[in-house]
Amino acid sequence: MKCKSILFAAAATFSLAAFGQAYPNKPIKAIVPFAAGSATDQIGRAFAAKMSETLGQTIVVENKAGVNGMLGADAVAKAAPDGYTILIGTNSTNAALKSLMKKLPYDQDTAFAPLGYMGSVPLIVAVNNDVPAKNLREFVDLAKAKPGHVTFASASTSQLVSSEMMAGMAGIQMTNVPYKSGPAAMTDLIGGQVMMFTADFAVMLPQVKGGKVRGLAVTSTKRSPAVPELPTVNEALGLKDYELIAYFAMFAPAGTPPEIVAKLNQAINAAAQSKDLQEKFAPIGFLVEPGTPEALAQRSKLETAKWAKAIRDAKIEPQ
(Lines give C-alpha, C1' and ligand atoms only; values in the text may rest on other atoms or scores of the structure.)
Protein backbone atom coordinates (compact mmCIF):
# COMPACT_ATOMS: atom_id res chain seq x y z
CA MET A 1 0.00 0.00 0.00
CA LYS A 2 2.84 2.31 0.99
CA CYS A 3 4.59 1.51 -2.28
CA LYS A 4 1.42 2.43 -4.22
CA SER A 5 1.19 5.78 -2.38
CA ILE A 6 4.79 6.59 -3.23
CA LEU A 7 4.20 5.68 -6.88
CA PHE A 8 1.02 7.77 -6.98
CA ALA A 9 2.81 10.79 -5.44
CA ALA A 10 5.70 10.41 -7.88
CA ALA A 11 3.27 10.19 -10.82
CA ALA A 12 1.40 13.29 -9.63
CA THR A 13 4.66 15.20 -9.26
CA PHE A 14 5.78 14.08 -12.71
CA SER A 15 2.46 15.07 -14.33
CA LEU A 16 2.65 18.54 -12.75
CA ALA A 17 6.24 18.95 -13.88
CA ALA A 18 5.35 17.73 -17.37
CA PHE A 19 2.43 20.17 -17.48
CA GLY A 20 4.76 23.05 -16.51
CA GLN A 21 7.33 22.01 -19.12
CA ALA A 22 4.68 21.56 -21.80
CA TYR A 23 3.42 25.13 -21.36
CA PRO A 24 2.97 26.85 -23.70
CA ASN A 25 1.98 24.35 -26.39
CA LYS A 26 -0.37 26.64 -28.32
CA PRO A 27 -0.67 30.41 -29.04
CA ILE A 28 -1.34 32.74 -26.08
CA LYS A 29 -3.87 35.57 -26.26
CA ALA A 30 -2.86 38.92 -24.75
CA ILE A 31 -5.74 41.35 -24.29
CA VAL A 32 -4.96 45.07 -24.54
CA PRO A 33 -7.89 46.86 -22.85
CA PHE A 34 -7.35 50.06 -24.86
CA ALA A 35 -7.46 51.06 -28.52
CA ALA A 36 -4.89 50.27 -31.19
CA GLY A 37 -2.22 52.98 -31.32
CA SER A 38 -2.35 53.78 -27.61
CA ALA A 39 0.80 53.48 -25.49
CA THR A 40 -0.64 50.32 -23.88
CA ASP A 41 -1.11 48.82 -27.33
CA GLN A 42 2.33 49.77 -28.66
CA ILE A 43 4.22 48.62 -25.55
CA GLY A 44 2.06 45.51 -25.13
CA ARG A 45 2.70 44.40 -28.72
CA ALA A 46 6.46 44.95 -28.40
CA PHE A 47 6.58 42.92 -25.17
CA ALA A 48 4.40 40.19 -26.72
CA ALA A 49 6.77 39.83 -29.68
CA LYS A 50 9.81 39.52 -27.41
CA MET A 51 8.03 37.12 -25.06
CA SER A 52 7.08 34.91 -28.03
CA GLU A 53 10.80 34.44 -28.73
CA THR A 54 11.44 33.31 -25.15
CA LEU A 55 8.37 31.08 -24.86
CA GLY A 56 8.55 29.56 -28.33
CA GLN A 57 4.88 30.30 -29.01
CA THR A 58 3.05 33.14 -30.73
CA ILE A 59 1.31 35.70 -28.52
CA VAL A 60 -1.72 37.06 -30.35
CA VAL A 61 -2.65 40.59 -29.23
CA GLU A 62 -6.34 41.49 -29.16
CA ASN A 63 -7.66 45.02 -28.52
CA LYS A 64 -10.77 45.09 -26.33
CA ALA A 65 -11.28 48.76 -25.49
CA GLY A 66 -14.02 50.39 -23.44
CA VAL A 67 -15.01 51.75 -20.01
CA ASN A 68 -11.46 52.86 -19.04
CA GLY A 69 -10.13 49.36 -19.73
CA MET A 70 -12.83 47.51 -17.77
CA LEU A 71 -14.15 45.46 -20.72
CA GLY A 72 -10.76 43.96 -21.53
CA ALA A 73 -9.89 43.37 -17.87
CA ASP A 74 -13.24 41.65 -17.30
CA ALA A 75 -12.62 39.29 -20.24
CA VAL A 76 -9.31 38.19 -18.69
CA ALA A 77 -10.76 37.95 -15.16
CA LYS A 78 -13.37 35.48 -16.47
CA ALA A 79 -10.97 33.47 -18.69
CA ALA A 80 -9.66 30.01 -17.84
CA PRO A 81 -6.61 30.23 -15.50
CA ASP A 82 -4.41 28.18 -17.82
CA GLY A 83 -1.87 30.80 -18.95
CA TYR A 84 -3.40 31.17 -22.43
CA THR A 85 -5.20 34.47 -21.76
CA ILE A 86 -3.26 37.36 -20.21
CA LEU A 87 -3.94 41.04 -19.62
CA ILE A 88 -1.71 43.95 -20.61
CA GLY A 89 -2.83 45.86 -17.52
CA THR A 90 -2.35 49.46 -16.46
CA ASN A 91 -2.91 51.77 -13.52
CA SER A 92 -6.44 52.11 -14.89
CA THR A 93 -7.43 48.43 -14.91
CA ASN A 94 -5.48 47.30 -11.85
CA ALA A 95 -5.46 50.29 -9.51
CA ALA A 96 -7.92 53.08 -10.32
CA LEU A 97 -11.07 51.39 -11.66
CA LYS A 98 -12.08 50.24 -8.19
CA SER A 99 -12.48 53.90 -7.18
CA LEU A 100 -13.92 55.11 -10.50
CA MET A 101 -16.77 52.62 -10.80
CA LYS A 102 -19.64 52.05 -8.36
CA LYS A 103 -19.55 48.37 -9.28
CA LEU A 104 -17.09 46.23 -11.25
CA PRO A 105 -18.09 42.90 -12.84
CA TYR A 106 -15.07 41.32 -11.07
CA ASP A 107 -13.17 41.86 -7.81
CA GLN A 108 -10.16 43.96 -8.80
CA ASP A 109 -8.17 42.85 -5.74
CA THR A 110 -8.63 39.10 -6.19
CA ALA A 111 -9.47 38.46 -9.86
CA PHE A 112 -5.90 38.49 -11.18
CA ALA A 113 -2.60 36.71 -10.67
CA PRO A 114 0.22 39.29 -11.05
CA LEU A 115 2.78 38.20 -13.66
CA GLY A 116 5.28 41.06 -13.94
CA TYR A 117 5.77 44.82 -14.09
CA MET A 118 6.74 46.26 -17.48
CA GLY A 119 7.42 49.98 -16.96
CA SER A 120 5.98 53.49 -16.86
CA VAL A 121 5.58 56.68 -18.89
CA PRO A 122 4.75 60.26 -17.90
CA LEU A 123 1.99 62.22 -19.66
CA ILE A 124 2.12 65.54 -21.55
CA VAL A 125 -0.36 68.37 -20.94
CA ALA A 126 -1.11 70.00 -24.31
CA VAL A 127 -3.56 72.48 -25.80
CA ASN A 128 -4.99 73.20 -29.23
CA ASN A 129 -2.79 75.68 -31.10
CA ASP A 130 -5.58 78.30 -31.16
CA VAL A 131 -5.86 78.39 -27.34
CA PRO A 132 -4.40 81.76 -26.26
CA ALA A 133 -2.07 80.30 -23.63
CA LYS A 134 1.65 79.90 -24.28
CA ASN A 135 2.36 78.09 -20.99
CA LEU A 136 0.52 76.23 -18.25
CA ARG A 137 0.28 79.24 -15.96
CA GLU A 138 -1.48 81.23 -18.71
CA PHE A 139 -3.81 78.29 -19.32
CA VAL A 140 -4.76 78.19 -15.63
CA ASP A 141 -5.36 81.96 -15.67
CA LEU A 142 -7.62 81.48 -18.71
CA ALA A 143 -9.61 78.80 -16.88
CA LYS A 144 -9.93 80.98 -13.78
CA ALA A 145 -11.28 83.86 -15.88
CA LYS A 146 -13.98 81.59 -17.40
CA PRO A 147 -14.94 78.81 -14.93
CA GLY A 148 -16.25 75.73 -16.76
CA HIS A 149 -15.56 77.24 -20.19
CA VAL A 150 -12.28 75.35 -20.66
CA THR A 151 -12.80 71.81 -22.02
CA PHE A 152 -10.48 68.84 -21.74
CA ALA A 153 -10.51 65.39 -23.35
CA SER A 154 -10.06 62.04 -21.61
CA ALA A 155 -10.10 58.46 -22.85
CA SER A 156 -8.47 56.66 -19.92
CA THR A 157 -8.21 56.84 -16.16
CA SER A 158 -4.76 58.44 -16.16
CA GLN A 159 -5.94 61.10 -18.64
CA LEU A 160 -9.04 61.91 -16.58
CA VAL A 161 -7.43 61.86 -13.14
CA SER A 162 -4.31 63.78 -14.21
CA SER A 163 -6.47 66.62 -15.56
CA GLU A 164 -8.93 66.70 -12.65
CA MET A 165 -6.09 66.46 -10.13
CA MET A 166 -4.29 69.39 -11.75
CA ALA A 167 -7.53 71.40 -11.84
CA GLY A 168 -8.13 70.74 -8.15
CA MET A 169 -4.59 71.69 -7.12
CA ALA A 170 -4.64 74.81 -9.35
CA GLY A 171 -8.11 75.88 -8.15
CA ILE A 172 -9.83 75.82 -11.55
CA GLN A 173 -12.96 74.25 -13.07
CA MET A 174 -12.83 72.50 -16.43
CA THR A 175 -15.43 70.51 -18.38
CA ASN A 176 -14.53 66.91 -19.24
CA VAL A 177 -15.31 65.55 -22.71
CA PRO A 178 -14.96 61.73 -22.62
CA TYR A 179 -13.69 59.72 -25.61
CA LYS A 180 -13.45 56.01 -26.40
CA SER A 181 -9.78 56.21 -27.42
CA GLY A 182 -6.73 58.43 -27.07
CA PRO A 183 -6.22 58.77 -30.86
CA ALA A 184 -9.86 59.97 -31.24
CA ALA A 185 -9.36 62.53 -28.49
CA MET A 186 -6.13 63.68 -30.15
CA THR A 187 -7.95 64.18 -33.46
CA ASP A 188 -10.44 66.49 -31.73
CA LEU A 189 -7.71 68.37 -29.86
CA ILE A 190 -5.96 69.10 -33.17
CA GLY A 191 -9.30 70.10 -34.71
CA GLY A 192 -10.18 72.43 -31.84
CA GLN A 193 -13.26 70.51 -30.60
CA VAL A 194 -11.57 70.39 -27.17
CA MET A 195 -9.06 72.82 -25.69
CA MET A 196 -6.78 70.61 -23.59
CA PHE A 197 -5.70 66.97 -23.45
CA THR A 198 -3.27 65.20 -21.12
CA ALA A 199 -2.01 61.95 -22.64
CA ASP A 200 0.90 59.54 -22.79
CA PHE A 201 3.92 60.30 -24.95
CA ALA A 202 2.98 57.67 -27.57
CA VAL A 203 -0.19 59.57 -28.45
CA MET A 204 0.99 63.10 -27.66
CA LEU A 205 4.70 63.55 -28.41
CA PRO A 206 4.57 63.14 -32.24
CA GLN A 207 1.85 65.82 -32.40
CA VAL A 208 3.81 68.18 -30.10
CA LYS A 209 7.02 67.64 -32.09
CA GLY A 210 5.10 68.10 -35.34
CA GLY A 211 3.63 71.41 -34.17
CA LYS A 212 0.03 70.11 -34.41
CA VAL A 213 -0.60 70.93 -30.72
CA ARG A 214 1.22 72.97 -28.05
CA GLY A 215 2.86 71.02 -25.23
CA LEU A 216 2.75 72.82 -21.88
CA ALA A 217 4.14 70.43 -19.24
CA VAL A 218 4.90 66.84 -18.23
CA THR A 219 3.15 65.10 -15.33
CA SER A 220 6.23 63.48 -13.74
CA THR A 221 8.27 65.00 -10.90
CA LYS A 222 11.31 65.34 -13.20
CA ARG A 223 11.57 66.64 -16.76
CA SER A 224 11.65 63.93 -19.41
CA PRO A 225 14.85 63.40 -21.45
CA ALA A 226 12.53 62.83 -24.45
CA VAL A 227 11.23 66.43 -24.26
CA PRO A 228 13.52 68.35 -21.87
CA GLU A 229 12.18 71.76 -22.91
CA LEU A 230 8.82 71.08 -21.24
CA PRO A 231 8.65 71.90 -17.51
CA THR A 232 6.94 69.65 -14.99
CA VAL A 233 3.46 70.65 -13.80
CA ASN A 234 5.06 71.38 -10.42
CA GLU A 235 7.59 73.74 -11.99
CA ALA A 236 5.04 75.47 -14.20
CA LEU A 237 2.50 76.10 -11.44
CA GLY A 238 4.73 76.36 -8.37
CA LEU A 239 3.35 73.11 -6.88
CA LYS A 240 5.20 70.44 -4.90
CA ASP A 241 3.12 67.28 -4.84
CA TYR A 242 1.71 66.89 -8.34
CA GLU A 243 2.70 63.63 -10.03
CA LEU A 244 0.75 61.22 -12.18
CA ILE A 245 2.36 58.64 -14.45
CA ALA A 246 0.89 55.74 -16.42
CA TYR A 247 2.32 52.28 -15.88
CA PHE A 248 2.01 48.89 -17.54
CA ALA A 249 2.05 45.35 -16.12
CA MET A 250 0.85 41.88 -17.05
CA PHE A 251 -1.74 39.81 -15.21
CA ALA A 252 -3.37 36.41 -15.64
CA PRO A 253 -6.67 35.16 -14.23
CA ALA A 254 -6.52 34.26 -10.52
CA GLY A 255 -5.74 30.59 -9.98
CA THR A 256 -3.14 30.36 -12.77
CA PRO A 257 -0.63 27.66 -11.68
CA PRO A 258 2.56 29.08 -10.10
CA GLU A 259 4.86 27.31 -12.57
CA ILE A 260 3.07 29.07 -15.46
CA VAL A 261 3.23 32.41 -13.62
CA ALA A 262 6.99 31.87 -13.17
CA LYS A 263 7.47 31.07 -16.88
CA LEU A 264 5.54 34.16 -17.99
CA ASN A 265 7.39 36.36 -15.48
CA GLN A 266 10.71 35.13 -16.86
CA ALA A 267 9.58 36.02 -20.40
CA ILE A 268 8.35 39.48 -19.31
CA ASN A 269 11.66 40.28 -17.60
CA ALA A 270 13.66 39.06 -20.60
CA ALA A 271 11.63 41.39 -22.82
CA ALA A 272 12.09 44.32 -20.42
CA GLN A 273 15.87 43.80 -20.46
CA SER A 274 16.00 43.79 -24.26
CA LYS A 275 18.14 46.70 -25.45
CA ASP A 276 16.22 47.21 -28.70
CA LEU A 277 12.89 47.33 -26.86
CA GLN A 278 14.29 49.88 -24.41
CA GLU A 279 15.71 51.99 -27.24
CA LYS A 280 12.46 51.80 -29.22
CA PHE A 281 10.41 53.31 -26.39
CA ALA A 282 12.97 55.69 -24.85
CA PRO A 283 11.63 58.52 -27.08
CA ILE A 284 8.21 58.21 -25.39
CA GLY A 285 9.72 58.40 -21.92
CA PHE A 286 9.23 54.67 -21.17
CA LEU A 287 11.25 53.38 -18.22
CA VAL A 288 11.43 49.59 -17.76
CA GLU A 289 11.54 48.02 -14.31
CA PRO A 290 11.76 44.20 -14.28
CA GLY A 291 10.64 42.40 -11.11
CA THR A 292 8.89 39.45 -9.50
CA PRO A 293 5.15 38.67 -9.42
CA GLU A 294 5.29 39.33 -5.66
CA ALA A 295 6.74 42.79 -6.25
CA LEU A 296 3.91 43.56 -8.70
CA ALA A 297 1.32 42.35 -6.16
CA GLN A 298 2.74 44.75 -3.58
CA ARG A 299 2.90 47.60 -6.09
CA SER A 300 -0.73 46.99 -7.07
CA LYS A 301 -1.83 47.37 -3.43
CA LEU A 302 0.10 50.61 -2.99
CA GLU A 303 -1.04 52.02 -6.35
CA THR A 304 -4.69 51.16 -5.61
CA ALA A 305 -4.47 53.21 -2.40
CA LYS A 306 -2.63 56.05 -4.17
CA TRP A 307 -5.18 56.28 -6.99
CA ALA A 308 -8.10 56.10 -4.55
CA LYS A 309 -6.71 59.18 -2.81
CA ALA A 310 -6.04 61.00 -6.13
CA ILE A 311 -9.60 60.31 -7.31
CA ARG A 312 -11.08 61.47 -3.99
CA ASP A 313 -8.94 64.61 -3.97
CA ALA A 314 -9.98 65.37 -7.57
CA LYS A 315 -13.62 65.00 -6.48
CA ILE A 316 -14.37 62.50 -9.25
CA GLU A 317 -17.67 60.72 -8.55
CA PRO A 318 -17.82 56.96 -9.24
CA GLN A 319 -19.87 56.13 -12.33
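In the predicted model, helix H4 and helix H12 cross in a right-handed sense. Helix H4 spans residues 91-100 and helix H12 spans residues 293-313. Their axes come within 8 Å and cross at roughly 45 degrees. Angles between 35 and 65 degrees are neither roughly parallel nor roughly perpendicular, and H4 and H12 are therefore oblique to each other. On the side of H4, the contact is made by Asn-91, Asn-94, Ala-95, Ala-96, Lys-98, Ser-99 and Leu-100. On the side of H12, Ser-300, Glu-303, Thr-304, Trp-307, Ala-308 and Ile-311 take part. Sorted by class, this contact has six nonpolar, five polar and two charged residues.

Helix H12 also packs with helix H6. The axes of H6 and H12 come within 9 Å and cross at roughly 50 degrees, which makes H6 oblique to H12. The crossing of H6 and H12 is left-handed, whereas that of H4 and H12 is right-handed. From H6, the residues Thr-157, Ser-158, Val-161 and Met-165 meet Trp-307, Ala-310 and Ile-311 of H12. The contact of H6 with H12 divides into five nonpolar and two polar residues, with no charged ones.

The structure holds one cavity of 30 Å³ or more. The volume of the largest cavity is about 220 Å³. Its lining consists of 22 residues, and those nearest the centre are Phe-34, Thr-40, Ser-156, Gln-159 and Asp-200. Several elements each supply at least two residues of this lining: helix H2 (39-55), H4, helix H6 (157-170), helix H7 (182-191) and strand E10 (246-253).

Open pockets were examined separately. The largest pocket contains about 390 Å³ of space. It is lined by 19 residues, and Val-67, Asn-68, Ser-154, Leu-160 and Pro-178 lie nearest its centre. Ten residues of this lining are nonpolar, seven are polar and two are charged. In the second largest pocket there is about 290 Å³ of space. The lining of the second largest pocket has 16 residues, of which Pro-122, Ser-220, Pro-225, Gly-285 and Leu-287 are the closest to the centre. This lining comprises eight nonpolar, five polar and three charged residues.

Two features of the backbone complete the description. Val-67, named above for the lining of the largest pocket, has a positive phi of about 55 degrees, although Val-67 is not a glycine. Val-67 is placed in the loop between strand E2 (59-63) and helix H3 (70-77). The other feature is a cis peptide bond, which joins Tyr-23 and Pro-24 and has an omega of about -10 degrees. Pro-24 is located in the loop between helix H1 (2-22) and strand E1 (28-32).

Note on methods
Residues numbered from 1 in each chain as written. Predicted model: local features only at pLDDT ≥ 70, side-chain atom pairs only at ≥ 80, totals over all residues. Heavy atoms only, no water. Axes fitted to C-alpha atoms, helices over the stretch in contact; angles between N-to-C directions. Helix = DSSP H or I, 4+ residues; strand = E, 2+ residues; numbered from the N terminus. Parallel < 35°, antiparallel > 145°, perpendicular 65-115°, else oblique. Left-handed = near helix turned anticlockwise from the far one by under 90°. Contact = heavy atoms within 4.5 Å. Nonpolar A, V, L, I, M, F, W, Y, C, P; charged D, E, K, R; others polar. 1 Å grid on protein atoms, 1.4 Å probe; cavity = no way out; pocket = protein on both sides within 12 Å on 5 of 7 lines; lining within 4 Å. Points joined across faces, edges and corners; volume = space filled by probe spheres on them.
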